[in-house]
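Subject: Structure handover

Hello,

Here is the structure we talked about. Please open it alongside this note; my findings follow below.

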Amino acid sequence: MPNDPCDAAADDSAGPAQDAAGRARRISMQRRGPLLVEGPVEIELEDGSTVRSDRFRVALCTCRRSRRYPWCDTSHRRKA
Amino acid sequence: MNDHLRGPLLPPSRGPLSAAVTSYLRGTGPLPRPADAAAADPYGDDLQLALYLCYELHYRGFAGVPPEAEWDPELLGVRAALEQRFGSALRADTPVHDSLDQALAALLVEPVEGTGVSHFLSAEGELWHLREYAAVRSLYHLKEADPHAWVLPRLWGRAKAAMAAVEYDEFGGGRAERMHARLFADLMRDLDLDTVYGRYLDAAPAEMLAVVNLMSLFGLHRELRGALVGHFAEVEITSSPGSRRLAEAMRRTGAGPAAEFFYDEHVTADAVHEQVVRHEVIGGLLEEEPELAPDIVFGIDATEYLEERLGRRLLDRWGAGRSALRTPLAAPEQPSPEAPETHRHRQMSHTS
Ligand code: FES
Ligand SMILES: [Fe+2]
Ligand SMILES: [Fe+2]
């Protein structure tokens, strides 16, 4: 989207870890559940391939159970 | 065309309340008396349709109904009587959790052996079940996220910013072809359903009307902003695992790429949305207005209650080998020999 500050953030000139306003990229962590990262993001996987998402925020799987890895698909939830 | 001549057709009525509201909207008869509303079955076809007609005037209206009907004071009086009947039944019948933490914790546990509609559809759903499911759900999905937009002016700060961000995603992140309501229309096309807004209103059972009426009720009343937020949290928290099962059902039955994509998109989108809604929307709202916690719980539990009633209706009918709709769907059209090519092409465009 033109004029979207998120696009500027994805632009290399702004630096990969900052948005257009120079604010650091925020990542929220929790003990159980995904990492929440401000989008858009490009993720490099172990095999060198990359996936990207331009969602306003993305949830990255930390439990390794997701069937949509690296995206969280709520597989981290407790089963009962 | 004149604006008020467009829009969905008024559906056939389902009893005296909905008949009176319909004829009033057509300008051919008097409204029901509020006392009639007080005596009706709060979850029945007649009251639910009468209320649905009142609410629909705030969305897209009906063909032949003048737009001013939306703020007709006498009609609003009847709507209030219908809401009173529906709302007080819900307050009395909904089993509510003792605290918000408990209500949320219950949603966040995934049953090992689920018995819901999405479990049935992923395990043994046939194409005709999926078509019926989509026709019923189209009452909401063709206006997906619309009732929730009404809460925005009633929120502040963190809750508002987060709610707007999730809504932005629901509305396609600025791209019309990615709007979730549009993705659902694409799914319907894969299933040979008519994508015209309001097309399946008459086919949908009272249980589905009640699910949509609940959102409209919560969305239209500032007083119920906490319940709207709770309702939205329930939908977002339960959506991701349910959508995975529905995507499996679409894949297994060969429903088509757009049908799969709608649910695939919701697996990952709602895994994010539920986090944002819990931490930011609920967290932010409670920071500003901690006294709304019981309303949030009510919104969650009333949604669960009505969704369970809908699930039971679908599974009971399907279990008996019968249609779950009030009027069965026409059999899917057999595509002409050269049609599939162009058809497929159109549907693939948004998945690329
Ligand atoms: S953290 Fe959610 S699926 Fe792994
Ligand atoms: Fe959605
Ligand atoms: Fe969502």
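Donors here are N, O and S atoms within 2.8 Å of the metal (3.2 Å for Na, K and Ca); water is not among the atoms, so sites may look incomplete. Asp270(B) and His273(B) are 3 residues apart in helix H13 of chain B, so about one helical turn separates them. Both Asp270(B) and His273(B) are buried. Buried means under 20% relative accessible area, exposed over 50%, and partly exposed in between (1.4 Å probe, protein chains only). Helices (H or I, at least four residues) and strands (E, at least two) are DSSP runs, numbered from the N terminus.

This is a predicted model: local features need pLDDT of at least 70, side-chain atom pairs count only at pLDDT 80 or more, and totals for chains, interfaces and linings use all residues. Residues are numbered from 1 along each chain as its sequence is written, chains are lettered from A and ligands numbered from 1 in the order in which they are written, and side-chain values use heavy atoms, with hydrogens and water left out.

Glu170(B) bridges the iron ion (ligand 3) and the iron ion (ligand 2), which lie 3.8 Å apart. The protein donors of the iron ion (ligand 2) are Glu144(B) (OE), Glu170(B) (OE), His180(B) (ND1) and His266(B) (NE2). They lie 1.9 to 2.2 Å from the iron ion (ligand 2). Their spacing in sequence is E-x25-E-x9-H-x85-H. The site of the iron ion (ligand 2) is irregular, with angles of 81 to 167° among its 4 donor atoms. For the cut-offs: four donors count as tetrahedral if all angles lie between 85 and 135 degrees; four count as square planar and six as octahedral if opposite donors are over 155 degrees apart and all others between 65 and 115; anything else is irregular.

His180(B) sits in helix H10 (residues 180-190) and His266(B) in helix H13 (residues 257-288) of chain B, so this pair ties together parts that are 86 residues apart in sequence. His180(B) is buried at 0% relative accessibility. His266(B) is buried too, at 4%.

The interface

Chain B puts 31 residues into the contact and chain A puts in 22; contact means heavy atoms within 4.5 Å. About 2,200 Å² is buried between the two chains, and carbon and sulfur atoms give 53% of that. Buried area is the accessible area (1.4 Å probe) that two parts lose on being put together, summed over both. Arg244(B), Val272(B) and Gln275(B) supply 23% of the area that chain B buries against chain A, more than any other three residues.

The rule finds 5 salt bridges across the interface. A salt bridge is a side-chain nitrogen of Lys or Arg within 4 Å of a carboxyl oxygen of Asp or Glu. One joins Arg77(A) and Glu274(B), with the closest N and O atoms 3.0 Å apart. Helices H9 (157-170), H12 (225-252) and H13 of chain B each supply at least two residues of the side that touches chain A. H13(B) gives the most to that side, with 13 residues.

Glu274(B) is buried at 0% relative accessibility, and Arg77(A) is buried at 3%. Glu274(B) also forms a salt bridge with Arg278(B), at 2.7 Å between the closest N and O atoms. Arg278(B) is buried, with a relative accessible area of 18%.

Other salt bridges

There are 24 salt bridges over all chains. Arg55(A), Asp169(B), Arg178(B) and Glu265(B) are linked in a network of them.

Backbone points

Two cis peptide bonds to look at: Gly39(A) to Pro40(A), with omega about 0°, and Tyr69(A) to Pro70(A), with omega about 5°. Pro40(A) is in the loop between strand S2 (35-38) and strand S3 (41-44) of chain A. Arg64(A) is not a glycine, yet has a positive phi of about 70°. Arg64(A) is exposed, at 57% relative accessible area. Ala145(B) also has a positive phi, about 75°, but is buried at 0%.

Best wishes
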